[in-house]
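These are my notes from going through one model. I list what I looked up and what I found.

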Amino acid sequence: MKAFNAPSLSLSQKSRINLLVTGVILLVAGMLFFWNDTAYDVDDAPITYRYAENLATGVGFVYNPGERILGTSTPLYAMLLALLRLVGLPIPLASNSLNFISSLLITYLVMALTNYLTHSWWAGILSALYLLVQGPFLRFTMSGMETPFYTLLILLAIYALLMGKSHWAAAWAALAFLTRLDGLVIVGAVLLALWVQRRKLPWPEIGVAALIILPWIGFATLYFGSPLPLSMLAKQHHLQERGSSRFWIWQHLFLDGMGAPTFLLSFALLGVWDLMRRHAQKLLLWLPALLWFFAYLCAYTLVGIDFYEWYQTPLYPVLAIWVGVGLYALLTKLLHTEGKAALVALQCLCSAVILALWFAPYITAANLSTQQFRDYLTTVEKSRALAGEWLRTFAPPDSRIYTGFIGYIGYESQRYIIDGAGLVTPPTQLSQQEPTIYVLEGYAPARQECGPVKDFKAVMIPNTLISMCNLAPMGSFGPLLLADARITNFVHTQEDGWHRKSDPYLETQWLIAAALAPQTWTVYVHFVDAEGNTLFQADHELGLQVDRTVIPLADWEPEQRHYVYAEMPEKWAELAGQVTAIRLGLWNPATGDALPIEPQRVVADPLGGLKLQLQDGDIVQ
């Protein structure tokens, strides 16, 4: 095929062109990976970071100190990060460096494997281009997860078999198993392919795999009680709770493509058929990848793990190889001509236009999905990371934090974590825990002794809300206790629960220690600067709600926490830097009487009431 093989070029010229094109593809891939990187990773990644940090600092292979629970599904990756931490690399940087290198090597191996199977670097380029326009692959190239490293080990096992290095194939496959439990599928695929090829059990390769796998299984059984990660069992339970389909991986891969086009997948079938036809006797050229691919899909269906997108990411490089082979086989047929040079050039031009039209929807979908993913990381994951950092500064060292997203909250806070999702906290232990802090998205626990103290806007989802329990009140006003106060746009209403408002409010949280006489009380609120000058006031009736209605004290329940809201001034963003404190008290406008004040967590204002200190627009008590 003249257009692809260029017979007029010498072998050295072809090699230089192939090397140049390969370099360009890898350069473009690297730029894509860097563009896709953000300062924040997927929440599951910091779970492994915390295991690695504890391992590197001598705490042990644990998430919570003293609790030998295997909550990370990637033990080898955690150990590798711990090793890099020991030589001075911060763990997030080490993980994303591994992500970048692994993703580049995956791109190169896809080209190299396709070239080996077709004897054409053009086919390899088609495979690489297909891979680089797959959003589910791009999104997890720089997300902090073990996914690129794990995928690389699978490709290395397949590549080693093609090169006749069966012992290396067994070793890479075994390392994939240590990286993630579903790596057992590539171990089985390698050994089964060798068995079919040799028509006898591949005992040497079985021995290599066993030497790598069995020590870990023994250690994990002794150290954790089981080599099965608790996170895997929890995710099985999540699937049952939600009633989700076991066939999600088939649906997302073949039917909806995670929002991307799927029509080029048909060329994967053509590629597999072409490989089997041309290499019918050379089973190791196509059988291992085929066995692994479908066994991987079936394993996730049978085991019943809840949907997480990164579980399907390892499938895309193998699909890319088959698509590249299929596209190359089609183009070879179309461009196989001995006609005039002008006709060959026209055919090549038409083929290039068709390929561009085929790839364009993938490029559009990949760009949109990766941008949305970046937005998710820089809003949702950022809010969790900021919450964790705040907790490290303000939460007491003996805090017990309950949360359902334990990645950044646990890694950044460095506090004891009670995992509501059950990834690192067994169900029996979860039911016995008594949290002192809750970190939840979109709501606070309906407990009188627990109230929100800080929230972080996540944009794409409700705010990340930190609620502390059993804090001493800020102060008491007779039988009324001011449990807490904060400035926030994430408010509570009796009808709608928690929701986000566009404007900020001063939220005061109240408890009733004893019955109150039926009378009207006004909360006076003075915002003052460093010299004590009142910049503005936000006086309001006790019981005022966001919708301007008032809940009378007669309707307040003693066993509840009651939320009262006052609007902040329109130019709060400009004034926030000038305000250093809030003076707050209660008085009866009809009689002029004030309720007696007893400060507890804050100081009394010399002019009456309580004095709440502010810093950068936030109440800091």
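Which residues is H167 in contact with, leaving aside its neighbours within four places in sequence? I found P204, E205 and V208, where contact means heavy atoms within 4.5 Å.

**Basis.** I am working with a predicted model, in which local features need pLDDT of at least 70, side-chain atom pairs count only at pLDDT 80 or more, and totals for chains, interfaces and linings use all residues. Residues are numbered from 1 along each chain as its sequence is written, and side-chain values use heavy atoms, with hydrogens and water left out.

**H167, continued.** I placed H167 in helix α9 (residues 166–179). Helices (H or I, at least four residues) and strands (E, at least two) are DSSP runs, numbered from the N terminus. H167 counts as partly exposed because its relative accessibility is 43%; the cut-offs are under 20% relative accessible area for buried, over 50% for exposed, and partly exposed in between (1.4 Å probe, protein chains only). I also looked up the separation of H167 from T379: 212 residues in sequence and 46 Å in space, C-alpha to C-alpha.

**Whole chain.** I noted 20 helices and 17 strands for the chain. Its C-alpha atoms fill a box of roughly 105 × 60 × 45 Å along the principal axes. Of the 621 residues, 55% are buried. I then looked at contacts between residues at least 6 apart in sequence, and 70% of them join residues at least 24 apart. The chain exposes about 27,000 Å², with carbon and sulfur atoms supplying 62% of that area. Accessible areas come from the Shrake-Rupley method with a 1.4 Å probe; for residues, only the protein chains shown count as cover.

**Mixed sheet.** I traced an open sheet of 5 strands in the order β2-β1-β3-β5-β4, with mixed pairing. Two strands pair if DSSP finds at least two bridges between them. Neighbouring strands here are turned by 25° against each other on average, direction ignored. Axes are lines fitted to C-alpha atoms, for helices over the stretch in contact, and angles run from 0 to 180 degrees between N-to-C directions.

β4 pairs with β5 (residues 464–469) in the antiparallel sense over 6 bridges. Among the positions I checked, G451 has M468 in β5 as its bridge partner, and F456 stands opposite T464 in β5. Is β4 mostly covered or mostly open? I found it mostly covered, with 7 of its 7 residues buried.

Which helix packs on this sheet? I found α18 (residues 406–413), touching β1 (400–403), β2 and β3 (437–441). The direction of α18 makes about 165° with that of β2.

**Antiparallel sheet.** I traced another open sheet of 5 strands, ordered β12-β8-β7-β6-β14, with antiparallel pairing. β12 (562–567) and β14 (597–599) stand at its edges with a single partner strand each, so one side of each has no neighbour in the sheet. I looked at one pair in detail: β6 (residues 475–477) and β7 (residues 480–493) are antiparallel over 3 bridges, and F477 stands opposite L480 in β7.

**Surface patch.** I found a nonpolar surface patch of about 490 Å², made by L192, W195, V196, L201 and W203. Like charges are joined within 9 Å, and nonpolar side chains (Val, Leu, Ile, Met, Phe, Trp, Tyr) within 5 Å. Helix α10 (residues 184–198) gives the largest share, 3 residues. L192 lies in α10 and, at 36% relative accessibility, counts as partly exposed.

**Positive phi.** Most residues other than glycine have a negative phi, and I looked for exceptions. H119 has phi near 60° and sits in the loop between α5 (91–118) and α6 (121–132). H119 is exposed, at 65% relative accessibility. D616 has phi near 55°, in the loop between β16 (610–615) and β17 (618–619). D616 is also exposed, with a relative accessible area of 70%.

Methods: Patches are made of residues with over 30% relative accessible area and no salt bridge: like charges are joined within 9 Å, nonpolar side chains (Val, Leu, Ile, Met, Phe, Trp, Tyr) within 5 Å. A salt bridge is a side-chain nitrogen of Lys or Arg within 4 Å of a carboxyl oxygen of Asp or Glu.
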